[in-house]
Structures are given as C-alpha cells and as structure tokens.
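Q: Can you walk me through this one? I'd like the conventions as we go.

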Amino acid sequence: MDALRITEITGRALALPGDDIDTDRILPARFLRAITFEGMEAHVFVDDRAAATRAGHVHPFDEPVNQGASVLLVNRNFGCGSSREHAPQGLRRWGIRAIVGESYSEIFFGNSMMLGLACVTATHADLERLMAALAAHPGAAATVDLKAGTCSLAGLTVPVTMPGPARDALMTGAWDTTGLLKERYEDVNAAAARLPYVAGFR
Amino acid sequence: MGKTLLQKVWELHTVRTLPSGQTQLFIGLHLIHEVTTPQAFDELRLRGWPVARPDRTFGTTDHIIPTRERTRPFLDVMAEDMLSALERNCRDFGIPFYGLDDERQGIVHVIGPELGLTQPGMTIACGDSHTSTHGAFGSVAFGIGTSQVRDVLASQCIALEPLKVRRIRVTGQLQAGVYAKDVVLAIIRRLGVSGGVGYAYEFAGDTIERMSMDERMTICNMSIEGGARVGYVNPDDTTFAYFKGRPFAPQGEAFDRAVTWWRSIASDADAVYDDDVEIRADELQPVVTWGVNPGQSVGVAEQVPAATDAATTDALGYMGLAAGQPIAGLKVDVAFIGSCTNGRLSDLREAARIVRGRHVAPHVTALVVPGSVSVRRAAEREGLDEIFRAAGFEWRGAGCSMCLGMNPDKLQGNQVCASSSNRNFKGRQGSPTGRTLLMSPAMVAAAAIAGAVTDVRGMVDAPALSGAGQGV
C-alpha cells in the first residue's frame, strides 16, 4: 500500500467558481456510451466550454495557463447529480489530483476517493481568498497537505478538512477498498446469515 | 432511547469497522445496468475474481436503449456494444439478466420493486443515483459509482461512513391536481439542492402515510436531488400489501414472518433525529422548475425570481426567461411523461385522465414512455395507450428515454421540454442548449394540451380512470 499513500498534492491551481456544478456538466451523458474510461479527459466540461466560446469567453479548462493544472478550486455542492464515475475519471485523467471546495455531493466524493482523488473542504471565505490569490497570480502552484490540513497558494495558507476515515484511507494508501472488503469474506457470510431475508424468511 | 430505521438497518448490515474507520456494509441487493458496469466487470476479469453473490445481483437494460424501435443490432454501434457487454458479463458471471426480449425488462428502479426484489430492511446498491427510489419500501438504498460497483460485485459490500437522519414530516391534505412530485419539488425548494448532504431523509407525516407506494417512490427518488443520497419511508401496511404475490417476495408463512421482521425495522416512536423539518402539504400548488437545478422552482401561479445573484442570472439566461415573468403561459415544444421518477402505472393513469378527449397542441411533440414492460402491458390492458395515441402522444417501449441524453430520445437545439423526470441540469435531455421544466406527469399532460405551462388544477375535474386509487 505504500505506493498508494497520498499525503501531499502539489501542482498548478485552476479555479472553477460556481455552486452546484453537476456531473452532467462535468461529463455529458452522450460520452457515457463508451465501455471504458479511456479518453474521458477529452470530454470534461465539453458543453460548458463550447458555450463559453460561443459567448466570446474562455472556459477555465481552456485557458492556456491552466493546462497541466492539478489542484482544482470549486465552490459548493460540486459534483451533484448523476452517480457517473466518468466525471471524476475525466477530471483525474485530465490531470486533477486534488479538489478544494466548500462541499461535495456524497456520491462524487465517494467516487473520487476510489480513484485516490482527494476532495478537501474549506470555508466559503477561504475559497474566495484562494481564488482571489490565484487570480492575482495566474498559474500559481497550490499545495494540499492532508497531514497538516492546509492548502497553500501564493503565500496564502488556509485550513482544509476531510472526514477522518477518508483522510486516513488516503494517507495510509487504503483507498482502493476492494481488497480490504474481500479479505475477510467469512465475516461477510456471518453478516448475511444474521439477515432473515437472505434465506427468504424460511 | 429508540433507533431510526437507518440505524437499525445499518447495524444489522455492518460486517466490521475498517481500519480507516469506515463501515464495511453488506449489500442485500445489487441491481446492475449497462452504463455503469462494463469497467467494473473488466477489473474483475483482470484480477481473476468471481462475483461474490450472483444470487443477490440482477441486471436489466434501460439507459441507452431506443424506445421506438427495439430490434437488434441497434443503429447506434456504441449502444449495441454496451448492451452486448452487459449480456456477456451477466452470462459469464451467472447473473440473472432481464433484457429487451424479457417481460421483466424496464428501468432498474421500476422493476426492482415490481418484481419484489426490493424489500423493507434491505441494503440496496446500484450504479445510479436514483437508487434512493427503493427507500420508499423502508430499504436503505445507495447510488454508487463504477468502482463501488466493482466492490459490490467482488465482495457484496461497500465501505461507507454513517449518515445522519433528518425527518421530514409532511402533513395535511393535498389539493386535487397536486401530487407527490410537487411535494418533493417543494421539499427541495425549501431545503436546497445540497441541504441533504450528509443526511438520510426520512419522509413521514400523515400525507406520506396516505400515499401509495408509487407516490412514495416518486418522493424517495428525488431525495438525491436534495443532496440526500438515501431517502426512506418507514414500512407500513401499505408497504406490506404491495408485496403480496410479487415473484421474489416471500410467500405463505414466510410472508407472515417477513411482515413481522419488516415491522421491527421501522423507526421507533422515541427515535432521536439529527434534524426535524415540517412541510404543510395543504398549502402546496403544482410546482414547476424554472432554472437549471431541481431547487430552482416556483408554484405554477407564481413568477420566476428576480435576477438577484449570479446563479439566478445565469439560470434565467440559459432558460431564456425574463426576471419576474409568470411561469404559467411559458411555451413548451416537447412533453415527456416517463422516467424512474414518474413512469409507473398510476402516473400514466393520472396523465391519461387529463388528456382524454383532448389533443396535444399542434407545435408540441409529446411522448409517453412506460417505466417497464410490465407497466406498458398493464396500461395497455386499461386502454391508456389508446387514450394517449388519440390525444396525439407517441406510445413508446420501456426505458429511461428522454430523462437523459444517452439514447435516441433527445431535445433538439434550445427546445423547451415539460418533463416528468428528475433533473433540469444544463444539457440534461441531450441537447447542450436544451431546456427542461420539471413537473408532475399530470402537469406535463396539461402543458402538452395547452402548448404551454398551465395549471392542471383547472383540468382535474375529469373522473378518475378505472383502478386509479391514488390515496392522496
């Protein structure tokens, strides 16, 4: 598990302001018809990016300075809606390794955990400060330190949090849960035996 | 001190506490479909693992299938490959599969209850966020992603952190023309689209208690739109009656034993809740969303809000609405009745009651998509298909259809769709500039007839159709 340990993520930061950014926007459904996750990075925010271009703007994921960024700054309820893992898969394959936001949908958070994509939480005020600092220093690097519970960017350091079990799973490299869940299958059978419906109430 | 249903079910299904502190939870029923599973099965093959409990795993197909022409191979090569992969995976791993040629096929959240697979007190997982639907029966049902689908296939377990419980007590008599859909949209409007994060929603109160199982499913289906991954209703006599004679429900003496156990898992009278909210049902009017998330809604007699903040301005702009304009009278191009939220028999009956003897406005494309083959057959036995066809609706095969842009049923350009589905996100219905107005199936029917958003309360004096025991 040592190779899977995640304690600190450093990389260029990218800000995507706005509450309630849903997974249909992160990865539109028509790209879910593929039977692998390969190439999902090409479709991240594809409709939002096209809409921005039509309106004469540049979407943050298209800004030249943001190419190669790995720390994503967001606001409230990021990743709400559909359970599609294609959304965090696409973000991770695009290069994102950590997300700093006010809050996340639980399914998105869980899906991200399964990929070792750290989603940490900061206050609204601190995210405003982080985004302002990044706007003043485009392309600045951010460091998310899970052990210290901080995010630092352009000389600014703010506290970030994560539920204890999720943080421990990342820091000990135990975030790939399948092996753990399989390792004591006799316990699983014992749990099933306690449930009257498993035997059809006979 | 008493316990909630969530606490009881959680404790009964806990295998152990993992070193991280997460709970390893046994999953009583795993439902699978074509979209969120191929990568999970690939990983099982890669690691040489079997499916732990193929006897507790069931597959069907719903998201990518066409609803007009179901013959194989599909015109869409990707959809054909995706369905073929699920067929192969179910065959190779010994999982029962209800495909397009099976009378049991349908939207996964419609067929689970219909077949009696979904039962009170169970933990249920499915790679789809609307798995919360199954909570209507007093199960604890989680939407999960593909890596967690892999976990459940491999171990019949998932790793989770405990949830808090918010009780939402809905009280009072709904007016004619106001439905379960309006109740849940009103709850989301009040508590917000992220208000439920970290919570399971327990829906209680006399309004919920009077509701049929179909109506309770509509409520629990949209828990996730309020941010609550899990929503449930305590099982009661309405719940137990639903299971009589269902193929996978216990029979005979086993049924009686089941009822005793099902009763025991309901929340205790002295259970302690992390939060309590009350909603007055008698004050509600039909609800319509005006924006780009399910919390952005108004009563049909109200106006869309003023552009007071960036999110509202953005949503109004996307929807092409002027700040403060009345929602009633807004022209619609498409009317869609169906989905796991509102594609069940009672939904179709209620919509048919509105359209009978009337006709869809000339500029509106209207379709009805039953949630399952079984719903379709039952509706046809009652002649509902004839009522819809005569009114100018298309009568389709069972599937997710226009709820999401994954199959041939999509909005074009910036069409406005009156939809009985669950999400009005930007681009949700398959066109990147398409616009969705969420409402009850009866309100969709009314909008289809009028060609614009209209208050169905003016049209509900028509007599109920045969067998339409709505409860509320």
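A: Buried means under 20% relative accessible area, exposed means over 50%, and partly exposed lies in between, with a 1.4 Å probe and protein chains only. By that cut-off, buried residues make up 60% of the 202 residues in chain A. This is a predicted model, where local features need pLDDT of at least 70 and side-chain atom pairs count only at pLDDT 80 or more, while totals for chains, interfaces and linings use all residues. Residues are numbered from 1 along each chain as its sequence is written, chains are lettered from A and ligands numbered from 1 in the order in which they are written, and side-chain values use heavy atoms, with hydrogens and water left out.

Q: How many helices and strands are in chain A?
A: Chain A has eight helices and seven strands. Both are DSSP runs numbered from the N terminus: helices are H or I with at least four residues, strands are E with at least two.

Q: What is the strand order in the open sheet of chain A?
A: The seven strands run β4-β3-β2-β1-β5-β6-β7, with mixed pairing. Two strands pair if DSSP finds at least two bridges between them. At the edges are β4 (118-121) and β7 (156-159) of chain A, each pairing on one side only. From one strand to the next, the twist averages 25°; axes are lines fitted to C-alpha atoms, for helices over the stretch in contact, and angles run from 0 to 180 degrees between N-to-C directions.

Q: Which way do β1 and β5 of chain A pair?
A: Strands β1 (residues 8-15) and β5 (residues 141-145) of chain A are antiparallel, over five bridges. E8(A) is opposite D145(A) in that pairing.

Q: And what joins β6 to β7(A)?
A: Four bridges, with β6 (residues 150-153) of chain A and β7(A) running antiparallel. L153(A) stands opposite L156(A). The hairpin has two residues between the strands, and A154(A) takes a positive phi near 50° there.

Q: Which residues are on the covered face of β7(A)?
A: L156(A) and V158(A) are on the covered face, with T157(A) and P159(A) on the uncovered one.

Q: Switching to overall numbers. What box do the C-alpha atoms of chain A fill?
A: Roughly 65 × 40 × 30 Å along the principal axes. Among contacts between residues at least 6 apart in sequence in chain A, 70% join residues at least 24 apart, where contact means heavy atoms within 4.5 Å.

Q: Now chain B. What is the order of its four-stranded open sheet?
A: β11-β10-β9-β12, with parallel pairing. β11 (230-232) and β12 (275-280) of chain B each have a single partner strand, so one side of each has no neighbour in the sheet. Neighbouring strands are turned by 20° against each other on average, direction ignored. Three bridges pair β10 (residues 199-204) of chain B with β11(B) in the parallel sense, and Y201(B) has G231(B) as its bridge partner.

Q: How many residues of helix α5 of chain B are buried?
A: 10 of the 10 in α5 (residues 146-155) of chain B, so the helix is largely enclosed by the rest of the structure. Among them are R150(B) and D151(B). Q156(B) follows α5(B) and has a positive phi, near 60°.

Q: Last one: is N221(B) buried or exposed?
A: N221(B) is buried, at a relative accessible area of 0%. This residue lies in helix α8 (residues 213-221) of chain B. Leaving aside neighbours within four places in sequence, N221(B) is in contact with residues including H130(B), C340(B) and N422(B).
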